[in-house]
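This report describes selected local features of one protein chain.

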Amino acid sequence: MEHLFDKLERYGNSDIYPYHMPGHKRQVFGELPKEFFQRDITEIDGFDNLHQPEGILLELQDRAAALCGAEESFYLVNGSTGGILSAVSAAVPFGGHILMTRNCHKSAYHAAYLRKLKISYLYPDVLQDYDIYEAVTPAQVCLALEKEKDIDAVLVVSPTYEGRIANIREIAAVVHEKGIPLIVDEAHGAHLGLNSLIHENSCRAGADIVIQSTHKTLPALTQTALLHVNGNRINRELLKRFLHIYQTSSPSYLLMASIDNALSFVERKGSEAFGELVRQYGEMQKRLSHCRHLSFLQPDEEKQDIGKLVISTKYTDITGKQLYDILLEKYHLQMEMATESYTLAMFTIGDSSPGYERLTGALLEIDEKLFSKVKAETDKEIDDFVITEDKSAEDALPLSEAWDAETEEIPLDEAAGRYVGEFVNLYPPGVPVLVPGERMSEKLARRIVVWLKQGLTVQGIKIRKDEYLIQVLKVVHGKQSLE
């Protein structure tokens, strides 16, 4: 089979002169490597068109479907964001009703806003010792569908940002019993199902649409992703329409070639690569089990994805952000993200033995200098900062109404009781703590101040001099939003 990266290389080395875009004309400009320019093209003869694939791109997408267990697959060059926007738009009619997990990525909320959808939430349980969401359960989905009779589609996240995996096979059965489609945001699970040592993916478990970020957990360039579709519950022509809308009309052949390259590598060397990932990750966990203060969420076959190392500092004398900073400043190790009580590191088939060794050695060394706190004392200091059902106001306004409403900027310490007019979220991962139209509570306002003072990135909050500011609605149904 011909591969896109080989075809681009041959074309770049040919004597064909480009009287077409892009403007660099395959010449080197500035400091970028010449290979970038030589292989960067537009939709010219022989290279197919992503928005109407009939040649090599159609073959590559069919190859991706076969590898991942889907009936049909689509290359995405606008990341999983474009895939989620397209999936929600195709699965739920304009003004319809979607049931989705509250810890969905902000792109799911953007889709609901654009399509003026009514949103009902699934609130996952919390793994208390680590302050992270569990994956949503089949029972939770079943209960929500019994309560809400007019749901048009269900959207769940699996694996979560921290690697918690849902029982998609059972959830799909529950959802399909209602005759509606299941969308799975599997952005952090592009590696799933590609080897017998790794948990199965949601395509093979029965989901109707699955979105995966190849750049997150496979060796592909940033901004690349895949969308997979199965069954007849999704209008595929409508799905293609929204893919055309939400994706650029000038897709990067470099990005598409990197998807091809990553999947080709898995086909050729995946068995060896995933075997090495499992072996080295296991050895690292075994050595880290000697830590006396730091704790680590262990991978298992059903609930925790291998490759996400959740390093809990909850019962130590430092925060997750402080650990993050120590690892970066002293050991030159860049973690994926940090929160108040843990730091997250990611491992893929792209990691080397020195990578495992450096982090393992650093964590063992840091652990020797830490002190532990009594669990009861720590629970008093760090209250549950994740989103639970009681924290979301019952009288929340529709997202499509609130995000378009007139707002005003006020100090955060005056915002309790007000409806917020902008998303507030920790980044990464980009999961909203507050959605436009929800009320700010005193407890959450105080917690946001703590996060900011700890150096965490909180989007939706402006910092002006020594003051924290937030957008709130001026009026609600003709009244002041503060009652």
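## Basis

The structure is a predicted model.

## The sheet β14-β19-β18

Three strands make up an open sheet with the order β14-β19-β18, and the pairing is antiparallel. Its edge strands are β14 (407-411) and β18, each of which pairs on one side only. On average, neighbouring strands in this sheet are turned by 35 degrees against each other, direction ignored.

Five bridges link β14 to β19 in the antiparallel sense. Among the residues involved, proline 411 has leucine 469 of β19 as its bridge partner. On the other pairing, β18 (residues 461-464) and β19 (residues 467-473) are joined by four bridges, again antiparallel. Here isoleucine 461 lies opposite isoleucine 470 in β19. β18 and β19 form a hairpin with two residues between them, and lysine 465 in the turn has a positive phi of about 60 degrees.

## The sheet β16-β15-β17

Another open sheet has three strands in the order β16-β15-β17, with antiparallel pairing. The strands at its edges are β16 (431-434) and β17 (458-459), and each pairs on one side only. β15 (residues 424-426) runs antiparallel to β17 and is joined to β17 by two bridges. Leucine 426 has valine 458 in β17 as its bridge partner.

Helix α5 covers residues 106-114, and its buried residues are Ser107, Ala108, Tyr109, Ala111 and Ala112. The cover over these buried residues includes the helices α4 (79-91) and α14 (399-402). Strands also contribute to this cover, including β2 (97-101), β3 (118-122), β6 (153-157) and β16. β16 is also an edge strand of the sheet described above. Just after α5, lysine 116 adopts a positive phi of about 50 degrees.

## Helices α10 and α12

Helix α10 (residues 253-288) packs with helix α12 (residues 353-367) at an angle of about 15 degrees, and the two axes are 10 Å apart. Angles under 35 degrees count as roughly parallel, and α10 and α12 are therefore roughly parallel to each other. The crossing of α10 past α12 is right-handed. On the α10 side, the contact is made by Leu277, Gln280, Tyr281, Met284, Arg287 and Leu288. These residues meet Ser353, Tyr356, Glu357, Thr360, Leu363 and Leu364 of α12.

Leucine 255 is also located in α10. Its relative accessibility is 12%, so leucine 255 counts as buried. Leaving out residues up to four places away in sequence, leucine 255 touches Val77, Leu221, Thr222, Gln223 and Thr224.

## Cysteines

How many disulfides does the model contain? The count comes to zero. For cysteine 104, which is in no disulfide, the nearest cysteine sulfur belongs to cysteine 203 and is 17 Å away. The cut-off for a disulfide is a pair of cysteine sulfur atoms within 2.5 Å. Cysteine 104 has 1% relative accessibility and therefore counts as buried.

Cysteine 142 is likewise in no disulfide, and its nearest cysteine sulfur, that of cysteine 104, is 19 Å away. At 34% relative accessibility, cysteine 142 counts as partly exposed.

How values were computed
Residues numbered from 1 in each chain as written. Predicted model: local features only at pLDDT ≥ 70, side-chain atom pairs only at ≥ 80, totals over all residues. Heavy atoms only, no water. Buried < 20%, exposed > 50% of the residue type's maximum accessible area, 1.4 Å probe, protein only. Pairing = 2+ DSSP bridges. Axes fitted to C-alpha atoms, helices over the stretch in contact; angles between N-to-C directions. Parallel < 35°, antiparallel > 145°, perpendicular 65-115°, else oblique. Left-handed = near helix turned anticlockwise from the far one by under 90°. Contact = heavy atoms within 4.5 Å.
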